[in-house]
Amino acid sequence: MSDAHLTERSRDGGREPVELTEEPIQLSTRDSGGDPDERSSGWSRRRKIGWTIALVVGLAGAGVLGVGGWRVAQQKDTQLASPDRVAGLTRDDSERAKSTADYLRSGLAANIELDRSFGTVYRDPADDKRSVLIFGGTTLLWQPERDLDSLFRLMSDETGSVNGLRELPAGDLGGVLKCGSTSGEGGDFAVCGWADHGSVVMAMFPGRSVTDAGGLLRNLRHGMQTRD
């Protein structure tokens, strides 16, 4: 029996043969990468968030620089005077007082380059043992607190350790004001100083507590410091 009729029936009644190719077979109509518009939108959102964060950080940094620049501009042009009377004290113009003040002024000027420097002794009319030795100068200071701390270290080298150094309110003129205590021939005494972007000043307060000395230095500063 011939098999020809089987061959013909298979060709006529069967399905078309499947053609195999090298292309991958797609099992789903959904693109695994997502819709192009959706991907673009997602990437855009991420970029917007990143740019927003960068902008906020940049504005914050600019704000800090702006405030710092304004403070420097406000404080840099400073003048210091030594009036005859200030904060209830009287300037001591004796040769001994002048010599002591000049010695302190020279020591300060040797460690910090100043445009102008001064040194003065103020006598307390109520008690000669509570005279105040104050010295300092004016210049542009970019880091006032650092320079003030340097002067306290210098004082420690000259007079012995300055103990209990702490920051006290600087008052309306701003900047930083610090006080501590040290010991000398007459016993313990307070040492205080202030610094801003235009001036740096140190003072010694025999017979006074740190708190009292800090308040007196604020009053002295208001009577001695002016700005353009």
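Predicted model: local features only at pLDDT ≥ 70, side-chain atom pairs only at ≥ 80, totals over all residues.
Me: What is the mean pLDDT of the protein?
Reply: The mean is 78. A value of 70 or more is reached by 68% of the residues.

Me: How many helices and strands are there?
Reply: The protein has five helices and 10 strands.

Me: In what order do the strands of the open sheet run?
Reply: Eight strands form the open sheet, in the order β2-β3-β4-β5-β9-β8-β7-β6. The pairing is antiparallel.

Me: Which strands stand at the edges, and why is one side of each left without a neighbour?
Reply: The edge strands are β2 (85-86) and β6. Each has a single partner strand, so one side of each lacks a neighbour in the sheet.

Me: How many bridges pair β6 with β7?
Reply: Four bridges pair strand β6 (residues 163-168) with strand β7 (residues 176-184), in the antiparallel sense. Within that pairing, L168 has L177 in β7 as its bridge partner.

Me: How many bridges join β7 to β8?
Reply: Nine bridges join β7 to strand β8 (residues 187-195), and the two run antiparallel. A hairpin of two residues connects β7 to β8. The bridge partner of G184 in β8 is G187, while V176 stands opposite A195 in β8.

Me: Changing topic to T138: where does it lie, and is it buried or exposed?
Reply: T138 lies in strand β5 (residues 132-138). The residue counts as buried because its relative accessible area is 7%, under the 20% cut-off.

Me: What is T138 in contact with, leaving aside its neighbours within four places in sequence?
Reply: T138 is in contact with T78, Q79, L80, L114, D115, R116, G198 and S199.

Me: What is the phi of A87, and where does A87 lie?
Reply: A87 has a positive phi of about 55 degrees, although it is not a glycine. The residue lies in the loop between β2 and β3 (89-91). A87 counts as partly exposed, with a relative accessibility of 35%.

Me: How much space lies in the largest pocket?
Reply: About 700 Å³ of space lies in the largest pocket. Its lining comprises 22 residues, of which R96, T100, L133, M204 and P206 are the closest to the centre.

Me: Which elements each supply at least two residues of that lining?
Reply: The elements are α3 (95-111), α4 (144-159), β7, β8 and β9 (199-206). The largest share comes from α3, with four residues.

Me: What share of the contacts with a separation of 6 or more comes from residues 24 or more positions apart?
Reply: Such residues account for 61% of the contacts in the protein with a separation of 6 or more.

Conventions. Residues numbered from 1 in each chain as written. Heavy atoms only, no water. Contact = heavy atoms within 4.5 Å. Pairing = 2+ DSSP bridges. Buried < 20%, exposed > 50% of the residue type's maximum accessible area, 1.4 Å probe, protein only. pLDDT = per-residue confidence, 0-100. 1 Å grid on protein atoms, 1.4 Å probe; cavity = no way out; pocket = protein on both sides within 12 Å on 5 of 7 lines; lining within 4 Å. Points joined across faces, edges and corners; volume = space filled by probe spheres on them.
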